[in-house]
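Subject: Structure handover

Dear colleague,

Here is the structure for your files. My notes on it come after the sequence and coordinates.

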Amino acid sequence: MSQGGEDRVHRRQGNSEFVSWETSNVDYASEKNKSLQVRYMYGIIFLSTNLVAWFIRDYGQRTIPQLHYLKSCGAGGQDCFHTLGVLRVSLGCFIFFFLMFLSTSRTRKLHEPRNAWHSRWWSLKFIVFIVSMVVPFFFPPALIQLYGELARVGAGIFLLLQLVSVIQFISWWNKYWMPDEKTKQSCSLGLFTSTIFYIASFCGVGLMYSLYVPKVRCVLNIFFISWTLILLIVMMVVSLHSKVNRGLLSSGIMASYVVFLCWSAIRSEPATDKCSARKQESGNSDWITILSFLIAICAVVMATFSTGIDSQSFQFRKDKVKEVDDIRYKYGFFHLIFSLGAMYFAMLFISWNLNNSATKWSMDVGWASTWVKIVNEWFAATIYLWTLISPVVRQAKVRDHEEQTVQEANDSSIA
């Protein structure tokens, strides 16, 4: 073969290799886009399921008479509505997302079959979802009660993971807006933002005193608000300490979050209590109650979604090297968070009380809900303070170890 013919063959082979390489890249890009877009489909499924749980709790007994004839629902279908109805729907949602967790965990590459199962095959997944939602309505009430006990634990784990995700986000925000001295404009923006957050936090504390402590006898509310104020001051002092020196932005954002948790806890107090915020606000029109209810549902769905895609915050070893066919987020972790979120939503609808008979358009009301939120606030402050102090503690241990090593070396040389 002539030299020109060989050149044409090599050129043709090179072009075909280039085209196949380019096509594979296009395929990988398409798969990545599908895996990112499909997250919103799972979010819509999660939201729809929880709306079904609310509907069965408030209106199911009137509008779904077919459940009255199921043996597992008891006389008049009582065991498939209200609290147990919410738990049955929550169990169905949990089963679906837990099955997705088992079938997609340890997925690493876009060309794996588990990636296709996560991003496509919606007809089969729809069947799995329907079966998962229907089966719990045939379970006996004792098994549903057992799931309710387990859901309390799962909901607590969900709250803890959500706290870690929030604190990691606050740390990222602090690093982004409070860098080194080279970018003075960003530092100025961070200082301005931290000032706004702290002003809002202290104003929030003052507002809670004025609204939710109508009498001196409201000792519990005074304790909740005063302890929150102490936490704000402690976080500010620790973050400004010379050994920590983390600035005010992260502590300011965390202060606002802690104040929000305290306000949410006080609002969850039952209306029968003399110092209840709900009793004072009973004159509000119905549309405000409905709007608050819908906003609360959307907020929890968004929190579940954001925690689900934040798997990096829970990795002890960060993988910096990314290849073109790597997945963009951990599918198994994403579905695990949604399965725990189903448990958390159930607890919100029944106010963490398995014997609760919630009123219509209410969510997360009662002393159990109040104490869960207060403990969550204290956990949030404790975890944040530990993230500030732990680097200093580790440095001190390393320094002590080095000094001890030097001292032992000197002693051995003298001997």
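The model is predicted, so local features need pLDDT of at least 70 and side-chain atom pairs count only at pLDDT 80 or more, while totals for chains, interfaces and linings use all residues. Residues are numbered from 1 along each chain as its sequence is written, and side-chain values use heavy atoms, with hydrogens and water left out.

Helices
Helices are DSSP runs of H or I with at least four residues, numbered from the N terminus. Helix α8 (residues 249-267) has 19 residues and reaches 27 Å from its first C-alpha to its last, close to the 27 Å expected; the expected span is 1.5 Å times one less than the number of residues. Of the 19 residues in α8, 16 are buried, where buried means under 20% relative accessible area, exposed over 50%, and partly exposed in between (1.4 Å probe, protein chains only). In helix α11 (residues 331-350), the end C-alpha atoms are 29 Å apart, which agrees with the 28 Å that its 20 residues should span. α11 is also mostly covered, with 19 of its 20 residues buried.

Positive phi
Most residues other than glycine have a negative phi. S351 belongs to the loop between α11 and α12 (367-414) and counts as buried because its relative accessibility is 5%. R106, also not a glycine, has a positive phi of about 65°. R106 sits in the loop between α2 (82-104) and α3 (113-119), and at 64% relative accessibility R106 counts as exposed.

Surface patch
W121, L124, I127, V131 and V135 make a nonpolar surface patch of about 470 Å². Patch residues have over 30% relative accessible area and no salt bridge; nonpolar side chains (Val, Leu, Ile, Met, Phe, Trp, Tyr) are joined within 5 Å, and like charges within 9 Å. A salt bridge is a side-chain nitrogen of Lys or Arg within 4 Å of a carboxyl oxygen of Asp or Glu. Areas come from the Shrake-Rupley method with a 1.4 Å probe. One of the patch residues, V131, lies in helix α4 (residues 122-134) and is partly exposed, with a relative accessible area of 46%.

Cysteines
The count of disulfides is zero, taking a disulfide as a pair of cysteine sulfur atoms within 2.5 Å. C203 is exposed, with a relative accessible area of 51%, whereas C262 is buried at 0%.

Regards

Methods: Helix = DSSP H or I, 4+ residues; strand = E, 2+ residues; numbered from the N terminus.
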